[in-house]
Amino acid sequence: KEKIVSPMSFEIDDSAPKKKQDTLQDELSTNAPIPIQVKRAMFFTCLGGVLFGYHTGIITIALPNLSDDLDLSNEQQESVVSFLYIGAIVGSACGGYFVDWAGRKKSIVITDLIFVAGGGLFSM
């Protein structure tokens, strides 16, 4: 009986020496406890995503008041919402350069201060 071999099939040679990447994958796949620094980084990363989603959703509540107070047309309302995304794009594009220049910890503190100052300013 002839064995049919697909061009996409391959055999894994377990006797080959492991590459550095394979060793790293083995280390990451263990059930070792997650360091507290990694947990903190995960928490603040998730918090940033939640806050961005919150602010994206809050614009739907604020937009009718803005359009009434400022007599905005439909096109102007669309522009207001678009500026939120344009700001996110510019922030993402410049963020890496800013972190390289100021350092990771300083950049986090500076962006947090801007965020708190903006929240305080708009709450007045």
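Predicted model: local features only at pLDDT ≥ 70, side-chain atom pairs only at ≥ 80, totals over all residues.
Trp 101, by contrast, counts as exposed, because its relative accessibility of 69% lies over the 50% cut-off. Both Phe 98 and Trp 101 belong to helix H3, which spans residues 74-102, and they are three residues apart in that helix, a spacing of about one turn.

With ring centres required to lie within 6.5 Å of each other, the count comes to one aromatic pair.

Attention then turns to the open space in the model. The largest pocket holds about 1,700 Å³ of space. It is lined by 31 residues, of which Leu 51, Phe 52, His 55, Thr 111 and Phe 115 are the closest to the centre of the pocket. At least two residues of this lining come from each of helix H2 (36-70), H3 and helix H4 (104-123), and it is H4 that gives the most, with 12 residues. Sorted by class, the lining of the largest pocket comprises 17 nonpolar residues, 12 polar residues and two charged residues. Helix H3, which carries both Phe 98 and Trp 101, is thus also among the helices that supply at least two residues to the lining of the largest pocket.

Notes:
Residues numbered from 1 in each chain as written. Heavy atoms only, no water. Phe/Tyr/Trp six-rings, centres within 6.5 Å; stacked < 30°, edge-to-face > 60°. Helix = DSSP H or I, 4+ residues; strand = E, 2+ residues; numbered from the N terminus. Buried < 20%, exposed > 50% of the residue type's maximum accessible area, 1.4 Å probe, protein only. 1 Å grid on protein atoms, 1.4 Å probe; cavity = no way out; pocket = protein on both sides within 12 Å on 5 of 7 lines; lining within 4 Å. Points joined across faces, edges and corners; volume = space filled by probe spheres on them. Nonpolar A, V, L, I, M, F, W, Y, C, P; charged D, E, K, R; others polar.
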